[in-house]
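Visitor: Hi, I'm new to this one. Could you walk me through a few spots in it?
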Amino acid sequence: MNKVSKALLIVIGLTGLGTAQAGKVSGEMAAQTCAGCHGTHGYIENSAFMPLAGMSEEHFISAMKAFADGSRPGTLMGPIAMAFSDEEIRAMAEYFAQFPKERGGQQ
Amino acid sequence: MTAIERRDFLKLLGASTLAGVSLNGKTAFATAQPHVVVIGGGVGGATFSKYLRLADEGIKVTIIEKNRKYLRPYGSSEVITGHISMDDITITYDALRDKYGVNFIFDEVIGIDFDKQRVRTASGSNINYDKLVVAPGISFDFDAIEGLDQEIADTKIPHAWIPGKQTELMARQLKAVPKGGTIVVAPPPNPYRCPPGPYERAGLLAQWLKEHGNPTAKVLVFDSKNRFTTDVNMLQAWHRLYNFSIPEGARKLYTEEQLATMPDHLEPGMIEWVMGEMGGRVLGVDPDAMVVETEAGKFKADMINIIPPHKAGKLALKTGLADESGWCPVERKTFESTLAKNVHVIGDSSIADDMPKSGYSANSQAKVVALQIKALLAGEEPGTPIWQNTCYALAGNTDYGIFVSDVFRLVDGKIRRMPYQRFLPFDATEIQYKLSAMYQQNWMRAFTEDCFA
């Protein structure tokens, strides 16, 4: 197999994955629902809301799980966390973790 | 599909994907920059434009908007009581233009040619689009209330459900309410913008009267509905803050535990709620006599705030994007109109099933549609959507906040609410109300930034 067709196969593989997961919500799609309170891309300053940009994946996931199981008290985050699947929470965590903590900063 | 067909199909798929990947989402065949035109610079139109530019700078985005500045409706009842000023709700489009490169045309749309994909404005411009996003908000059905029209609303019986001169008129009227006087607040029937909003307003007005030496004044809420979003939390708050007693007819709607938190007060309260089955529906108004006519009878008042039934924004009605329901039917996954191709209707004007008509809903729909339109322009399949709504409200004073909050998914072609707790529990703690009030105030700024900055 030459290099070109190998590359093609890799791309086809990725596309195939995308098709198989057509019902899945992307990290970006899920994460942007947070921004109405937590800021665009999770950047927020001088606010009561937790900034999410640059939060480590582990931190995000454990916080969402703690809200969902009630071990972390709150107002509306409990029911919101319950409405997302583990897979979606992981995808959101990956999405927010890719941004530097400071707006415009380097990771 | 035979093996050979499949191989050819995969090759094609691979080729198109490669082109997409190598050019960062832009196809090599695009002869011109795609142009997305947005009608309406409110929450939906602004958020959509910002997020589409964030997702793909290669797409040209132009907002056509009548007004050079935006007055945000969410939280605008706080202007009536002087808690905030008109300046606090005034938003410029500077950031959208300067930071995100969104083009603005300040003009009025007078028509859309759906076949030629062209928008016509009052000043005579024709603007071509590849995709059109229509976000015209709401309009009012004044015909449903005898004696009420636009002019009466502007001068005597303001709804102030879109902020502006009517908001200032209500602020002046509030100051003129005599000792022991009466204010009428009449929430609209479903569906309408900002479900907890009219009740929040009733609480804010009562709170203002209480703080300004007029605790014997009354706020009468005339309602065509028997229930409303956040009702348990709101009625509890009225009970605690304004001596409200649950009307007899409403007792069957709540559990014994909920009712036990609201034992009847011996004295009449500052707020009374006349619900639908008690004859609360408003039939008409006599603006000269300042009399409201309801199914339960006629009531004289010193200040009358009737919020008329809603319809889709005027532009949607005028251009035929609404159906006989008065709202705009859309294909839920992309919010593309089922009546016009390449036209997406977002925000209050759209039919979105379980999603309420609210700023947060419009913002959430706008972000989903930004990703979908980006995909459609790149020849890709739109993604699986997910939406959220959160509405914060003050029950009256600035220490008592409540909310409704939901996540929505596409289920069998409709937008469905996920089955989790939506409100504070009826036995919430004082700290939860306080926190909610603090979030409410912070949310105004955070949300405005997400939409406009």
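Visitor: Leaving aside neighbours within four places in sequence, which residues is R72(B) in contact with?
Guide: Keep in mind that this is a predicted model. In it, R72(B) touches I84(B), D88(B), I89(B), I91(B), P163(B), M444(B) and T448(B).

Visitor: And where is R72(B) in the chain?
Guide: R72(B) sits in the loop between β3 (69-71) and α3 (77-80) of chain B.

Visitor: Which side chain of opposite charge is nearest to R72(B), and how far away?
Guide: That's E78(B), 6.0 Å away. R72(B) is buried and has no salt bridge. A polar atom of its side chain does lie 2.4 Å from the backbone oxygen of Y74(B).

Visitor: OK, new topic. How many salt bridges does the structure hold over all chains?
Guide: There are 17. One of them pairs E87(A) with K24(A), with the closest N and O atoms 2.7 Å apart. E87(A) is in helix α6 (residues 86-97) of chain A and K24(A) is in the loop between α1 (3-20) and α2 (27-31), so the pair ties together parts 63 residues apart in sequence.

Visitor: What about D450(B), which residue does it form a salt bridge with?
Guide: K367(B), and the closest N and O atoms are 2.6 Å apart. This pair links helix α12 (residues 430-452) to helix α11 (residues 359-377) of chain B, 83 residues apart.

Visitor: Are D450(B) and K367(B) buried or exposed?
Guide: Both are buried.

Visitor: Which residues do salt bridges with shared partners join into one network?
Guide: D94(B), R97(B) and D98(B).

Terms used
Residues numbered from 1 in each chain as written. Chains lettered and ligands numbered in written order. Predicted model: local features only at pLDDT ≥ 70, side-chain atom pairs only at ≥ 80, totals over all residues. Heavy atoms only, no water. Helix = DSSP H or I, 4+ residues; strand = E, 2+ residues; numbered from the N terminus. Buried < 20%, exposed > 50% of the residue type's maximum accessible area, 1.4 Å probe, protein only. Lys, Arg positive; Asp, Glu negative; His and termini not counted. Salt bridge = Lys/Arg side-chain N within 4 Å of Asp/Glu carboxyl O. Polar contact = N/O pair within 3.5 Å; in protein donor to acceptor, adjacent residues only side chain to side chain. Contact = heavy atoms within 4.5 Å.
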